[in-house]
Amino acid sequence: MSAEPILASLLPDTAQLGEHDVQLGGVSLKELAATYGTPLFVYDETTLRARCGEAAAVFDDGVAFASKSFLCGAMARLARDEGLCIDVATGGELDLVLRSGVDPSRIILHGNNKLPSELERALEVGVHRVVVDNFDEIERLRELVSAARPLQCLIRVTPGVEAHTHEFVRTGQEDTKFGFSLAAGEARRAIVALRGMSHVSLHGVHAHIGSQIFDTAGFDETMKVLVDFIADDDFDELCIGGGLGVAYVEGESTLSLTQWGHAVRAAALAAGLDPRVRITAEPGRAIVAQAGITLYTVGAVKPVTQRTYMAVDGGMSDNPRPVLYGSGYEAFDIAQPLARRPQDVRLVGRHCESGDILIDEAWLPTSTGVGSLIATPVTGAYGYSMASNYNRVARPAVIFVANGSARVVLRRESFDDLARLEV
Ligand SMILES: *Cc1c(COP(=O)(O)O)cnc(C)c1O
């Protein structure tokens, strides 16, 4: 981080930085804040569509959008329209995607503890794939699968690869709650069990080694392990999961979806994969993170001996990632996006929690202060989807912008919404 102006490369593709305002999708951020209030999530549809299209192209249409990264009806339909399947991991995600009009044959069900009711619904509507995680699930499926409700599945395996990422988002190592171990022979036993069941089609294996991964090494290694493992099986699909990282702050760089896709395919072929086997992927973050930004209003500035605290009207309820993972973000003042940012502040939220920090060391222009509208870019993934009502704070609205117009895709929560569960 530095006092230089915000890097345009962290913003959505259509961002236009002017002297006194920023346009996204041809819409003024100042006007959006005035119309819809803050905090506010704004997504650039052009960026979302471009990322979906890029992923679909490089993986030959074998892409599922990991909906946990950001899900609402508009997003589900956008991903569907751009040719993506949709990954869900709970009954709630499955229900929303079905309500959004997505065909069940485009939905993939994940989860390390799928409830009987979730499996039942998935089989009843006929999802594209269930990704089977454990032996208890296989027993549950044994009860539910029938000629009328056949199962199309993959098995999730743990390749024993340690991705270089935060401990809490690492999932490929042996010591994990996800999937069948290759090393311990569990994956092989799972294959035998599923093959012994009627009305079950096992298409292949799936691995997801973690999230926010910047280089190809972990994916290459995973491919090698998976290809070796299935060498004697007659599978038609190999899924590399998601996990491609994005740059959140100045100085970070990552692979594009295209580079990632090419690297994964090259590693698979080098390991000897039959070229007829489909390589599929499930990016979440890399599709939605950079398309979204969050707008806040500064409400209080408090210098203390050690630093200056600048408080905005949101916080850990709309972006828990800094608290959960120590994730870094940048901030800029939307009324002066080209300005240098020599003012060093700790950007905090409004929750009753000292840990409610959005940016430990944020850089902003000198004159940014109470009443300023500031934006944190790259908040499109795992922000709204992890949002909470902590302190009974209502969740922000979500706006999609494109071609000079804005539409509300999720309205701001009201106090009535917050009270609707009272009995
Ligand atoms: C979370 C998850 C993804 C998406 O991960 P990203 O890092 O957002 O790309 C894909 N597949 C599975 C099984 C996941 O759990």
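**Exercise 1.** In which kind of crossing, left-handed or right-handed, does H2 pass H3?

*Solution.* The model is predicted: local features need pLDDT of at least 70, side-chain atom pairs count only at pLDDT 80 or more, and totals for chains, interfaces and linings use all residues. Residues are numbered from 1 along each chain as its sequence is written, and side-chain values use heavy atoms, with hydrogens and water left out.

Step 1. The axes of H2 and helix H3 (residues 73–81) come within 9 Å and cross at roughly 45°. Helices are DSSP runs of H or I with at least four residues, strands are runs of E with at least two, and both are numbered from the N terminus. Axes are lines fitted to C-alpha atoms, for helices over the stretch in contact, and angles run from 0 to 180 degrees between N-to-C directions.

Step 2. H2 and H3 are therefore oblique to each other; angles under 35 degrees count as roughly parallel, over 145 as roughly antiparallel, 65 to 115 as roughly perpendicular and the rest as oblique.

Step 3. The crossing of H2 past H3 is right-handed, the term for a near helix turned clockwise from the far one by less than a right angle, with anticlockwise being left-handed.

**Exercise 2.** Determine how H2 and H9 are arranged.

*Solution.* Step 1. The axes of helix H2 (residues 45–58) and helix H9 (residues 257–270) are 9 Å apart, at an angle of about 20°.

Step 1. H2 and H9 are therefore roughly parallel to each other.

Step 2. H2 passes H9 in a right-handed crossing.
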